[in-house]
Amino acid sequence: MLTCEEETSLLSSLQFGAEDGWLSSFYSCLIKKYDKENVVEAKFKELEKESSKSNPSSQSLMCTLKDNTDLLACKAEYYHQCGEYQKCFELTSTLLEKDPFHLKCTLVHLAAAMELGHSNELYLMACNLVKDYPQKALSWFAVGCYYYCIKKYDQSRRYFSKATSLDGTFPPAWIGFGNAYAVREEGDQAMSAYRTAARLFPGCHLPTLYIGMEYMRTHSFKLAEQFIMQAKAICPSDPLVYNELGVVAYHMKEYNKAVWWFEKTLALIPAPISEMWEPTVVNLAHAYRKLKMYHEAISFYEKALTLSTKSLSTYAGLAYTYHLQDNFTAAITYYHKALWLKPDDPFCTEMLNVALVDECRQGIDPKIDFC
């Protein structure tokens, strides 16, 4: 319900005694984790440092707190927000072995399993949750996640809907409900779910961001920009928001602005950059190519290839950039690599033929008439 600033303000208004420093640090770990990486990491480390300062009578408390499941669940949530899904999944798996009934950890575990495509884990979790907690929204949300993961979106929508009917104040279910419509390009129903979530949870920027993304899908770029800027006002440190602003600017042919947004995105991502952010690097390369800054574009296309070697867009963009520089040999090489990934791609097929013709003509004296 609260924005990041409101949560911070609430926490600062609480009166803690001298001996309650650990409690203040603990609460600071429970609130939203949209700060910069070093700030959030410092919050977690602060509790560990407290143990060395504390007197022997409270030593046992601090040691316990360092391994506290609530605190470790917060750390897992932070890993998920950073896009470090494997690290998040490993931590939540360990925690659930210790405490199988920790529902906050269960939610983060489901989200990480979804991102990693672990459908078997989702199936087992959903079965156990429905058996143990048939009246909880989380249980049916897990079933929805399983069906979403295996791309059975109609069934996933049904179970996300059931989760919202059991608990109308469960944000993940509303967002999952909207996403299940959006992935099938059923925009009106998706927008309805996102708007409900945005109204119920004003402190969460994701529903507003997804509304903007839906407007972008329908080419309503001005409306998309307005909603994504609203999401940015709620959460000014989520890299995904800046990436989407860059995409909007690119579609509106504002390439300088797009470059600025994409560079801002990469500046907010914790190092090293994971494969999840490869599309942002490619987007930045595309924007540089549009600005005819070909050396910068090639540099970022090559950086994208270090993150993922299975992107058609990267190979096609790199080939086209070399083609624009009249480096036909390199262009032909990368068109072939792109067509190896998708043999029937019309753009690469056509441009490969053009590049082959251009290379054949290169070096021929234009004064010679072959007719």
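User: Hi! How many residues does helix H11 have, and how far does it reach from its first C-alpha to its last?

Analyst: Hello! In this predicted model, H11 covers residues 171-182, which gives it 12 residues. From first C-alpha to last it reaches 17 Å, close to the 16 Å expected at 1.5 Å a residue.

User: Is H11 mostly covered or mostly open?

Analyst: Mostly covered: 10 of its 12 residues are buried. Among them are Trp 174, Ile 175, Phe 177, Asn 179, Tyr 181 and Ala 182.

User: Which helices do those buried residues pack against?

Analyst: There are four helices to look for: H9 (137-149), H10 (153-166), H12 (187-200) and H13 (206-217).

User: Let's take H13. How do the axes of H11 and H13 cross?

Analyst: They cross at roughly 10 degrees, and the axes come within 11 Å. Because angles under 35 degrees count as roughly parallel, H11 is described as roughly parallel to H13.

User: Which residues make that contact?

Analyst: On the H11 side, look for Ile 175, Asn 179 and Ala 182. On the H13 side, the contact is made by Leu 206, Pro 207, Tyr 210 and Glu 214.

User: And what classes do they fall into?

Analyst: The contact of H11 with H13 has five nonpolar residues, one polar and one charged.

User: I'm curious about Glu 214. Is Glu 214 buried or exposed?

Analyst: Glu 214, which is found in helix H13, is buried: its relative accessible area is 7%, and buried means under 20%.

User: What does Glu 214 touch?

Analyst: Leaving out residues up to four places away in sequence, Glu 214 touches Ala 182, Gly 187, Ala 190, Met 191 and Tyr 194. Ala 182 is one of the buried residues of H11.

User: Changing topic: where is Lys 151, and what is its phi?

Analyst: Lys 151 is found in the loop between H9 and H10. Its phi is near 65 degrees, a positive value in a residue other than glycine. Most residues other than glycine have a negative phi. Lys 151 also counts as exposed, at 61% relative accessibility.

User: What about phi of His 219?

Analyst: Phi of His 219 is near 65 degrees, again a positive value in a residue other than glycine. You can find His 219 in the loop between H13 and helix H14 (221-234). At 57% relative accessibility, His 219 counts as exposed.

User: Last one: what pLDDT does the protein average?

Analyst: The average is 84, and 87% of the residues score at least 70. Over residues 57-62, though, the pLDDT is below 50. Beyond near neighbours in sequence, that stretch has seven contacts in the model. Where pLDDT is low, the predicted coordinates should not be read in detail.

Technical notes
Residues are numbered from 1 along each chain as its sequence is written. This is a predicted model: local features need pLDDT of at least 70, side-chain atom pairs count only at pLDDT 80 or more; totals for chains, interfaces and linings use all residues. Side-chain values use heavy atoms; hydrogens and water are left out. Helices (H or I, at least four residues) and strands (E, at least two) are DSSP runs, numbered from the N terminus. The expected span of a helix is 1.5 Å times one less than its number of residues. Buried means under 20% relative accessible area, exposed over 50%, partly exposed in between (1.4 Å probe, protein chains only). Contact means heavy atoms within 4.5 Å. Axes are lines fitted to C-alpha atoms, for helices over the stretch in contact, and angles run from 0 to 180 degrees between N-to-C directions. Angles under 35 degrees count as roughly parallel, over 145 as roughly antiparallel, 65 to 115 as roughly perpendicular and the rest as oblique. Ala, Val, Leu, Ile, Met, Phe, Trp, Tyr, Cys and Pro count as nonpolar, Asp, Glu, Lys and Arg as charged, and the others, Gly among them, as polar. pLDDT is the predictor's confidence in each residue, from 0 to 100.
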